[in-house]
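Hello,

Here is the structure we spoke about, with the sequence alongside. My notes on what turned up in it follow below.

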Amino acid sequence: TQNLLIRSQALYPVELQALIVLILHFMKKNISFIVKESENNLRVDLLINKRDRLISRTRIKNLIIKEKLMINNEVIKNPSKKVYAGDKLVLEIPEPEKASLKPYNFKLEIIHEDEDLLVINKPAGIIMHPGAGNHDQTIVNALMHYDKDSLSTIGDELRPGIVHRIDKNTSGLIVIAKNNETHEDLSKQFSDHSILRAYQLLIWGKLRPSYGRINTFIVRSSKNRQLMEVSNSKGKRAITNYKTLEVFENNNTPTLSLIECRLETGRTHQIRVHMNYLGNSIVGDDKYKKKFKKIKNVDQELEKLLTNLNRQFLHANTLGFIHPKKKEEMIFTSILPPELNNLLKMLRNTY
């Protein structure tokens, strides 16, 4: 392998060199090395990623959790385990699993497609991939119906092509990887927090200050395992930048604010948890919600729209990344879907 790499550098153009490196990478069955003195006391997932940049840290973590890592012939399941000089590491890279998923005839709103990726505008009401209670009516099943042979295969077998997720009752832009090289590259961009992700949301009340940066830890709730919550000392770092776009406040409306959030990290339910943490939960959120007093003179039609909204007012309206092959910046935008836009129009007319 080393000889072929050296020869490729001397004989072949840069593009072919990159292809050779990629082919060799996916031919490998494992990554194996001995920890150097200079690498002493590093986290094992960070070290493997440092040694082999072609495999994303997210995938490394998943492989470790799936018991594919051995240190000194002992199986290790903790991605944050520290290593020491002289330790022998072997990370098995299994063959990609073939997905056995039922195609779902669901019309995808495709914003962009090329030979490497898809950008889709996901509607609210559909989940990203099969899980408990829903095995065949998901975005993944719809992708299988659209083109089952053009999806990356290095992730979970129930999530071909899925690089990131948005919640069932959130709408907006997602990117899908059509091959493994693209998947690895996009995953690394997400891990490096270099992806542009902006959301529009409507919250109860108004934020003080009107713009700012929320920097906390987020951890699974000890009271309800389906929910997440802010923690002062444990969990994963979560950073949300927000600014107020509009405030709606008069005698005929409850106080509501249209907010833009830009994510530096992408934790489970991050925006919903952070808004709830500030005391301003998202309109329509059925999990992270607070009770609000009924206003006597509220416009009846507005109250009906607020009451009957069967999703959270949260929309992923901007997505930007560097194209894995073309190395060009790509930025996509999506307007609010009708059910959210109609509510916003009503607020503006009532205000």
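Subject of the notes: contacts and rings

Leaving aside residues up to four places away in sequence, Q137 is in contact with Y104 and I126. Please keep in mind that the model is predicted. Q137 belongs to the loop between β6 (117-122) and α5 (139-147), and its relative accessible area of 44% makes it partly exposed. Between Q137 and F106 there are 8.2 Å from C-alpha to C-alpha, at a separation of 31 residues in sequence.

The aromatic pairs come to two. One joins Y104 and F106: the ring centres are 5.5 Å apart and the planes meet at 25°, so this pair is stacked. Y104 is partly exposed at 21%, and F106 is partly exposed at 23%.

F321 and F332 make a tilted pair, with 6.0 Å between centres and 35° between planes. F321 is in strand β13 (residues 314-322) and F332 in strand β14 (residues 329-333), so the pair links parts eleven residues apart in sequence. F321 is buried, with a relative accessible area of 3%; F332 is buried as well, at 11%.

A ring is also involved at F217, where the charged end of R237 sits over it, 4.1 Å from the ring centre.

Last, D285. This residue is in the loop between α7 (270-278) and α8 (300-308) and is buried, at 4% relative accessibility. A polar atom of the D285 side chain lies 3.1 Å from the backbone nitrogen of Y288. Beyond four places in sequence, D285 touches R272 and Q312.

Regards

Definitions and conventions. Residues numbered from 1 in each chain as written. Predicted model: local features only at pLDDT ≥ 70, side-chain atom pairs only at ≥ 80, totals over all residues. Heavy atoms only, no water. Helix = DSSP H or I, 4+ residues; strand = E, 2+ residues; numbered from the N terminus. Buried < 20%, exposed > 50% of the residue type's maximum accessible area, 1.4 Å probe, protein only. Polar contact = N/O pair within 3.5 Å; in protein donor to acceptor, adjacent residues only side chain to side chain. Contact = heavy atoms within 4.5 Å. Phe/Tyr/Trp six-rings, centres within 6.5 Å; stacked < 30°, edge-to-face > 60°. Lys NZ or Arg CZ within 6 Å of the ring centre and 35° of its normal.
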